[in-house]
Amino acid sequence: MSVTVEQVLAALSGVKDPATGREIVADQVSDVRIDAAGEATFKIDLISPGFPLREALEASVVAALAARNLRGTIEWGLKVPQKPARQDLNRLPTVKNVLAVAAGKGGVGKSTVSVNTAMALHRLGAKVALLDADIYGPSVPKMLGTPERETSTTLSGDRISPALYRGIPVMSVAFFVEPGNAVVWRGPMIHKLLKQFLEDVEWGEIDYLIVDLPPGTGDAQLSLAQLIPITGSIMVTTPQEVALIDVRRAVNMFNKLEVPVVGVVENMSYYVCPSCGHHDAIFASGGGVALARELGVDLLGQVPIDNKISYGGESGVPVVEGAPASEQAKALTDVAARAALALSKLSATGPKRSSLLRTVT
């Protein structure tokens with residue numbers, strides 16, 4: 001039987017992306033080719049790296065082709081969607097999505113999640129950058145080790161080239177203060193610095209800018225929400241109630257700023273004994289699950305406590321790079337993939353206004 005490109009596209013016309021509900025032939029299918037045996041080969045662009053729903057999408061494609069007695073080979077690609085920014089917030093025209101990583105209090109592993117999320121998405125094929133907006137406690141450069149390129153001014157002299165770590169552009173206030181010195185700045189100075197980091201840095205073409213926010217509900221969060229369109233935020237917490245109380249405050253702040261909270265990461269979720277495999281919930285259990293249910297968002301992952309993670313942060317080799325096959329790295333990679341999917345869905349379909357205005361008490 002002679003097969004045509006039109007027949008293949010007609011067969012795929014009813015297949016919808018399980019994340020967005022949109023037909024994939026609109027802008028995800030391309031480069032359809034028919035070989036001498038009458039089999040099709042075509043490209044499908046996924047909307048996020050490590051797309052968690054890929055198996056479901058593939059099954060739908062195969063079924064749609066089989067229904068018309070067709071067969072095909074899929075070549076997977078990646079095309080991250082972007083929602084055009086309002087003109088007054090268009091300070092990052094080359095950045096498609098901004099992910100804010102936040103926590104209600106310090107010490108819950110927010111920077112660890114930020115660094116490993118950026119590294120995981122980069123390893124999954126996305127173009128990623130990392131902004132260390134934790135003005136008072138910048139730790140991202142320490143966690144990434146030695147840069148392959150230091151921050152500098154561009155050849156024109158009026159722009160900033162970010163530092164480069166393993167192919168990831170990074171900016172941090174740590175590059176501009178002496179080690180050990182305290183940053184004693186008021187709100188207007190923080191706003192000015194963040195504005196410069198956003199407007200004057202040559203970020204390049206980026207799918208996801210990961211922003212490591214300071215803990216709490218302060219000036220940095222307010223400034224970023226005023227300066228750029230934050231696509232979404234994730235909340236990092238530990239399981240115990242005392243941490244969850246502070247997270248609820250942070251969520252209320254983001255709701256007021258109309259920044260969607262797309263998920264919760266429960267860090268230090270449990271400890272696994274390396275000798276016997278026993279699981280121990282050191283910091284209680286179930287808090288992240290309950291919080292995600294309360295907020296009506298996804299639980300992006302439960303990351304175990306383990307010295308591989310802390311060692312990775314101390315040595316400058318994040319665990320997703322230093323021990324990619326470990327349970328800890330897999331958990332953090334899953335967090336990154338699910339967070340990226342949530343952002344891509346928002347960019348492709350848009351947030352619901354009601355979800356942005358939800359108040360958590």
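Colleague: How many cavities of 30 Å³ or more does the count come to?
Modeller: One, by that rule. Keep in mind that this is a predicted model.

Colleague: What makes a space a cavity rather than a pocket?
Modeller: A 1.4 Å probe fits in a cavity but cannot get out, whereas a pocket is an open set. The largest cavity has a volume of about 40 Å³.

Colleague: Which residues line the largest cavity?
Modeller: The lining is made of Thr112, Val115, Asn116, Met143, Ile309, Gly312, Gly313, Pro318 and Val319. Helix 3 (110–123) and helix 9 (307–315) are the elements that give two or more residues to that lining.

Colleague: How many nonpolar, polar and charged residues does the lining of the largest cavity have?
Modeller: Five are nonpolar, four are polar and none is charged. Gly counts as polar in this scheme, and Gly312 and Gly313 are in the lining.

Colleague: Let's turn to helix 3. Why is Ser111 called buried?
Modeller: Buried means under 20% relative accessible area. Ser111, which sits in helix 3, has 9%, so Ser111 is buried.

Colleague: Which residues is Ser111 in contact with, leaving aside neighbours within four places in sequence?
Modeller: Ser139, Met143 and Asp212. Contact here needs heavy atoms within 4.5 Å.

Colleague: Now the whole protein. How do you know that the radius of gyration agrees with a compact globule?
Modeller: For 361 residues the globule rule gives a value near 21 Å, and the protein has 22 Å, so the two agree. The C-alpha trace spans about 75 × 60 × 40 Å along its principal axes.

Colleague: What share of the residues is buried?
Modeller: Buried residues make up 50% of the 361. The protein exposes about 16500 Å², with carbon and sulfur atoms supplying 51% of that area.

Methods. Residues numbered from 1 in each chain as written. Predicted model: local features only at pLDDT ≥ 70, side-chain atom pairs only at ≥ 80, totals over all residues. Heavy atoms only, no water. 1 Å grid on protein atoms, 1.4 Å probe; cavity = no way out; pocket = protein on both sides within 12 Å on 5 of 7 lines; lining within 4 Å. Points joined across faces, edges and corners; volume = space filled by probe spheres on them. Helix = DSSP H or I, 4+ residues; strand = E, 2+ residues; numbered from the N terminus. Rg over C-alpha atoms; globule rule 2.2 N^0.38 Å. Buried < 20%, exposed > 50% of the residue type's maximum accessible area, 1.4 Å probe, protein only. Areas by Shrake-Rupley, 256 points an atom, 1.4 Å probe, with all protein chains shown as cover.
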